[in-house]
Amino acid sequence: MRIAQFINIFLFALVSGVLWGTWFSLSRSIASITPAGFLEIGRTMIRNLAWPMRILMPASILSALAVLFVLFRSEPAGAFYVELAGFLLFIVVLVVTLLVNVPIDNRIKEWTLETLPSDWKRIRDRWELYHTVRTFASLGGLGCALASALFF
């Protein structure tokens, strides 16, 4: 059980760390970045994060399912429900990522300074809003996984 919880917390921390790092270092000042800087930074981050996150996000969710399975069969109900809350928060992270952020990322990958749409700031701000949602959902999910392992 402890190994499953360790893997789950570790994977949740990796995903949360990527999202938190992006939010903390970039998102809070994204409105002040020039269009050229936005395109360069955006494309670089998409290129660097797309593949690792394709592996880390599903792996983190699968690890939570493994923990939930073991908790359901043998541990106190409190631990199960707190881990379930963390799992559901990570489902929110995945859904927001797939339905909002990735489609916007796919558009940004194709933009150039010459083809930048007139509403690019609105699109950027939409990406940012949902990135904030998924960042704090992931932090909540990580907190739940930690609490489930430490307090029950």
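Me: Which helix holds I7, and how is a helix defined here?

Reply: Helices are DSSP runs of H or I with at least four residues, numbered from the N terminus. I7 sits in helix α1, residues 2–25. This is a predicted model: local features need pLDDT of at least 70, side-chain atom pairs count only at pLDDT 80 or more, and totals for chains, interfaces and linings use all residues. Residues are numbered from 1 along each chain as its sequence is written, and side-chain values use heavy atoms, with hydrogens and water left out.

Me: Is I7 buried, partly exposed or exposed?

Reply: Buried means under 20% relative accessible area, exposed means over 50%, and partly exposed lies in between (1.4 Å probe, protein chains only). I7 has 41% relative accessibility, so it counts as partly exposed.

Me: Which residues make the nonpolar surface patch with I7?

Reply: Patch residues have over 30% relative accessible area and no salt bridge; nonpolar side chains (Val, Leu, Ile, Met, Phe, Trp, Tyr) are joined within 5 Å, like charges within 9 Å. Here I3, F6, I7, F10 and L14 form a patch of about 520 Å². Areas come from the Shrake-Rupley method with a 1.4 Å probe; for residues, only the protein chains shown count as cover.

Me: How do I read the largest nonpolar core?

Reply: A nonpolar core is a set of buried Ala, Val, Leu, Ile, Met, Phe, Trp, Tyr and Cys residues joined through side-chain atoms within 4.5 Å. The largest one has 22 residues, and F12, V15 and M53 touch the most other members. Helices α1, α2 (35–74), α3 and α4 (120–151) each supply at least two of its residues. α2 gives the most, eight residues.

Me: What does F12 contact, leaving aside neighbours within four places in sequence?

Reply: Contact means heavy atoms within 4.5 Å. On that basis F12 is in contact with S60, I61, A64, G86, F90, G141, L142 and A145. There is also a second, separate core of 14 residues, including F38, L39, V100 and W120.

Me: How many salt bridges does a search of the whole structure find?

Reply: A salt bridge puts a side-chain nitrogen of Lys or Arg within 4 Å of a carboxyl oxygen of Asp or Glu. The search finds two. D119 pairs with R122 at 2.8 Å, N to O. D125 pairs with R124, their closest N and O atoms being 3.0 Å apart.

Me: Are D125 and R124 buried or partly exposed?

Reply: D125 is partly exposed, at 39% relative accessible area. R124 is buried, at 4%.
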